[in-house]
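Q: I would like to learn how to read the features of a model, one at a time. Where do we begin?

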Amino acid sequence: MPEMPEVETVRRTLTPLVKGKTIVKINIWYPKIIVNDPAEFIKKLTNKTILKIDRYGKYLLFRFNGDLTMVSHLRMEGKYHLVSPDTPKGKHEHVEFIFTDGTALRYDDVRKFGRMHLVETGTERKTTGIRHLGPEPNTAEFNLTYFINALSRKKKNIKNTLLDQTIVCGLGNIYVDEVLWKSKIHPLSSAQAIPADKVKNLYQNINRTIAIATKERGTTVHTYLDANGQIGGYQKMLQVYGHAGEECSKCGTILEKIKVNGRGTTFCPHCQVLYK
């Protein structure tokens with residue numbers, strides 16, 4: 001699943017392709033992608049102009065005139081790309097926005113898990129999945145005092161705590177494995193048992209890792225591409241994810257892989273301390 005650095009990269013590359021463009025027609029080939037009634041979705045967005053694209057966590061927010069926002073979650077495989085309207089429809093293309101300038105934005109999703117939800121601008125944190133999310137890394141809301149207090153109330157393991165998006169949003173399986181390794185914290189550690197100085201280190205590594213991964217335009221491990229069809233660069237910097245069975249670059253111990261709540265999890269059994 002694209003994580004925050006990947007979705008931010010999509011936002012940055014997609015914005016210059018569609019900002020200021022007006023929709024003249026919408027084709028919906030797989031209606032389940034649309035959370036709203038598809039006919040109402042088409043009616044409300046036809047003749048509307050894209051003012052800008054924002055992002056919160058892993059959600060893209062397309063801002064239109066008329067106080068409308070389309071909240072788009074890419075889920076596992078969702079991708080946007082600009083084409084000519086007469087381009088033959090791809091097998092996995094499910095929604096098309098045709099613009100007055102003769103271009104079209106298509107949404108491609110192999111697994112069909114992505115969703116688009118049209119809401120009144122300003123209500124997205126009340127009416128969409130965004131309402132469940134915690135603060136983003138590298139924001140004033142996500143400060144050390146908040147993070148220490150939040151973890152102190154969590155009995156479950158730190159891997160699941162970081163993945164559930166309610167304490168801090170934007171981290172998925174890849175970045176959680178990386179920040180826990182950098183912080184020398186075992187993924188099965190009880191979140192509330194981690195000492196404050198280690199939480200501080202984790203907090204710093206979350207902020208630093210997300211910032212660097214965003215600068216590197218995200219991580220391409222399987223199929224992630226930005227709006228220009230380009231891969232990310234952070235995969236070259238991964239230390240544990242995808243390296244099970246190899247030596248830890250810190251201590252030389254063989255990295256192990258386990259399942260945590262069904263998610264493949266790679267860690268160093270020597271460097272990463274288990275806090276109970």
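A: With the record. UniProt annotations may be inferred rather than shown by experiment. Keep in mind too that this is a predicted model.

Q: Which residues does UniProt list for the domain "Formamidopyrimidine-DNA glycosylase catalytic"?
A: The unreviewed entry gives residues 2-114. Over that stretch the chain is 20% helix and 37% strand. Its end C-alpha atoms are 11 Å apart.

Q: How do I read a sheet in that stretch?
A: Start from the general idea. Strands of a sheet pair through backbone hydrogen bonds, either parallel or antiparallel. Here, four strands form an open sheet in the order β1-β6-β7-β5, with antiparallel pairing. The edges are β1 (23-28) and β5 (79-83). Each has a single partner strand, so one side of each is left without a neighbour in the sheet. From one strand to the next, the twist averages 20 degrees.

Q: How many bridges join β6 and β7?
A: Five, in the antiparallel sense, with β6 spanning residues 93-99.

Q: Now hairpins. What pairs with β3?
A: Take the two partners in turn. Strand β2 (residues 50-56) pairs with β3 in the antiparallel sense, over six bridges. In this pairing, tyrosine 56 faces tyrosine 59 of β3. Strand β4 (residues 68-73) also pairs with β3 in the antiparallel sense, over six bridges. There, leucine 61 stands opposite valine 71 in β4.

Q: Which glycines take a positive phi in these hairpins?
A: In the β2 and β3 hairpin, glycine 57 has a positive phi near 60 degrees, and two residues lie between the strands. In the β3 and β4 hairpin, glycine 66 has a positive phi near 80 degrees, and three residues lie between the strands.

Q: Are the residues of β3 buried or exposed?
A: Six of its six residues, 59-64, are buried. Look at each face. Tyr59, Leu61 and Arg63 are buried on one side, and Leu60, Phe62 and Phe64 are buried on the other.

Q: Which residues does the "binding site" annotation cover?
A: His92, Arg111 and Lys154, according to the unreviewed UniProt entry. They spread over 63 residues of sequence. They are also spread in space, up to 39.9 Å between C-alpha atoms.

Q: Where is arginine 111?
A: Arginine 111 sits in the loop between β7 (104-108) and β8 (115-120). Its relative accessibility is 42%, so arginine 111 counts as partly exposed. Beyond four places in sequence, arginine 111 touches Met76 and Glu77.

Q: Where is lysine 154?
A: Lysine 154 is in the loop between α4 (144-152) and α5 (158-163). At 21% relative accessibility, lysine 154 is partly exposed, because buried means under 20%. Outside its sequence neighbours within four places, lysine 154 contacts several residues, including Thr161, Asp164, Ser190 and Gln192.

Q: At what angle are the ring planes of tyrosine 175 and tyrosine 234, and what is the pair called?
A: The planes are at 50 degrees and the centres 5.8 Å apart, so the pair is tilted. Tyrosine 175 lies in helix α6 (residues 173-183), and tyrosine 234 in the loop between α7 (196-215) and β9 (256-260). The pair therefore ties together parts that are 59 residues apart in sequence. Both tyrosine 175 and tyrosine 234 are buried.

Q: Which residues do ring pairs link into a cluster?
A: Phe142, Tyr146, Phe147 and Tyr203.

Conventions
Residues numbered from 1 in each chain as written. Predicted model: local features only at pLDDT ≥ 70, side-chain atom pairs only at ≥ 80, totals over all residues. Heavy atoms only, no water. Buried < 20%, exposed > 50% of the residue type's maximum accessible area, 1.4 Å probe, protein only. Contact = heavy atoms within 4.5 Å. Pairing = 2+ DSSP bridges. Axes fitted to C-alpha atoms, helices over the stretch in contact; angles between N-to-C directions. Phe/Tyr/Trp six-rings, centres within 6.5 Å; stacked < 30°, edge-to-face > 60°.
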